Amino acid sequence: MPRWGMVIDLDKCFACQSCTAACRMENNTPPAGKDQAGMGRAILWNEVLPFVEGEYPNVKATMLPRPCMHCDNPACIKVCPVQATYKNEEGLVLVDYDRCIGCRMCTVACPYAVRYFNWFAPEWPEDLKAHLNPEPEVQPRPKGVVEKCTFCVQRLRKARETAEAEGRTFQATDYVPACVQTCTGHARYFGDLDDPDSLVSKLAHSPRAFRMFEELGTQPKVFYLKQG
Amino acid sequence: MEPKNHHLKAILAPVRKVSTGDYLLWGALLALLLAGAGAWTWQFIEGLGITGMNRPVYWGVYITNFVFFIGLAHSGTFISAILRIAGQSWRAPLTRAAEAITLFSLPFGAGSIIIDMGHPERIFNLLFYGRYQSPILWDVTAVSLYMLSSIVFFYLSLIPDIALCRDRLTDAPRWQRRMYELLALGWNHSPEQYQRLEKVLDGMAVFMTMLVVTVHTVVSWLFGMTVQPGWHTALIGPFFLLGAILSGTAAVVIVLALLRKVYKLEKVLHLGLFNSLRKLLITFVLGWLYMMIAEHLTIGYSSMTEEMVVLTDKFSGTYATIFWGMAALVFGIPLLVFLFKGRNNVGWMVFACVLVNLGMWLERYIVIIPTEVSPRMLTVMGQGSYLPALPEILITVACFAGMALLYAVFTRFFPIVPIWETAQELPGHAHAAQVSPAVTGD
């Protein structure tokens, strides 16, 4: 069973945000609109965050793409009172939207702020509505539940189905999330962390590799490659 | 043989008549409660987006209310269980008044959690799919057990007095007499019944004491179990508990003063009670200060980066006004009043106790919000902000109104001072029941 992980090379990322846009279209996250976004209520499973250190003239800015970390020891799962958020056998941290009671303890507990709450029922402008992804996993979520990046589970299922239809064994390289596929600078890598020969596995062991808030013991499966 | 109590007439007087003033008060409180219910319906239909909550401030006033009301509930259990075990017989006249606060604030504490949920109709998922690793489930278990045992404890000690009402209030409306008859469970004041009752109450008091410590500790762990700066401290449990007992005891003073004035119970709820509560309050306020210093000094001295962001925000940043205001309300002003003005003076005591409770509400707020506003991701996310919106204000007001309504109605149908516990002669007791002398200026 693969253990899915991602590596993001900060040297290659130039913050074009195409990952964010691709994620939105793939996963049907509703646009919040200006006012709601201003209140911090935009739902962006993947965000590119500006990380600014120091003060003028000695400023160092890093653009940090941030999907869900899919931690091996996730803070969100422990606190969910109804087991609505869980980790599957391939290490993906997922949410059962039909079971979530909307208590938002997971959103409070996650140190990476990757979990989003549906403050209202989702809405799309007509033009966008025609282009919603029809996959069952990404049907619009109702108001009052929490949602987050799934590493595009629907793509994983489809890749498995395709492999089966073509009569071959499913390979870890058959599947990548939308953000990885779309990344303009080829800054994102995706694959099986348990396979020592996989590219992600090798990159994750590179001396440039680091994980966010390593000290919290959450063991994220998203690795970053240091800039410079 | 009925218990003999000199004050029987005075205690039963408020039960005899519901006045026009009562109906007006009840109507006003009910209107506020309904306004809150309306706001909740609106929120249920539209979504939690109509509140001021956002990302990263996912929890706001509702969770503050949850912590506050559960804290207020500690009044009754403290007075009737802990002081019962400690053999403090002076507490007898105020036990029921205090326990009623417990009983009537708990539903609004527990209710606040439900109001805060995005899908309240899925509440039974807690039973079907509960994960005991989650602090929310610890809360649900502890609070419901607390509510259940408080009802039993309260009802048991009410039975002899209901029997008295059944026998004495023969001019009450038919339904009311019928209610007393049913609720009295055929109590006939036999010595054996009293001995058994005392025994059960003693046993329950031990259990309730353990429960009361557990409940507010578990409430604090909703925050303490996360890794968020400002919350992740072992002191949060005891600190919440002490704050709860402080605000609960202060609430008892306020309620006592009101009952005394409105129902003319000055003789029964004598000044001595206020003087005893004053000493307790001085102890609790000082204990609260101790915890306050212990917590903030530990954080400030070690000055870890993320912790300092939250601490600075409280001490001198966005939340400085609320933080220092809270310190003045909970500790500064009340301590001076308790020490120098409170003795033999109900007015000053009430003034200080109102401040304590305002301050304690703010304290809950200031523990919850600043941590959320400055998450660990602060450097990248930018600081959050939060202001409660109209529905949150309406619902908060409704919670207080609802609690007052239940209290006001209760006192018109049941004696708020326990007649049998303050009786001079009780069947089955060799000695006259201990009633504290109306000490003034202890």
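**Exercise 1.** Is strand β8 (residues 188–192) of chain A largely enclosed or left open by the rest of the structure, and why?

*Solution.* Before counting, note that this is a predicted model, where local features need pLDDT of at least 70, side-chain atom pairs count only at pLDDT 80 or more, and totals for chains, interfaces and linings use all residues. Residues are numbered from 1 along each chain as its sequence is written, while chains are lettered from A and ligands numbered from 1 in the order in which they are written.

Step 1: A residue is buried if 20 or more other C-beta atoms, placed from the backbone, lie within 10 Å of its own; 12 or fewer makes it exposed, and anything in between is partly exposed. Strands are DSSP runs of E with at least two residues, helices are runs of H or I with at least four, and both are numbered from the N terminus.

Step 2: apply it. Five of the five residues of β8(A) are buried, so the strand is largely enclosed by the rest of the structure.

Step 3: look at its partner. Strand β1 (residues 4–9) of chain A runs antiparallel to β8(A), joined by five bridges; pairing takes at least two DSSP bridges. One to click on: A:V7 has A:Y189 as its bridge partner.

**Exercise 2.** Work out how β2(A) and strand β3 (residues 60–66) of chain A pair.

*Solution.* Start with the bridges: there are seven, in the antiparallel sense. A:V48 finds its bridge partner in A:P65. Then check the turn: six residues sit between the strands of this hairpin, and A:G54 takes a positive phi near 80 degrees.

**Exercise 3.** Describe the side of chain A that touches chain B.

*Solution.* Count first: 37 residues of chain A are in contact (C-beta atoms, placed from the backbone, within 7 Å) with 34 residues of chain B. Next, the elements: β2 (47–53), α3 (75–79), α4 (105–109) and β6 (116–117) of chain A each supply at least two residues. Of these, α4(A) gives the most, with four. As for confidence, the predictor gives the complex an ipTM of 0.90 and a pTM of 0.93.

Note on methods:
Two residues are in contact if their C-beta atoms, placed from the backbone, lie within 7 Å.
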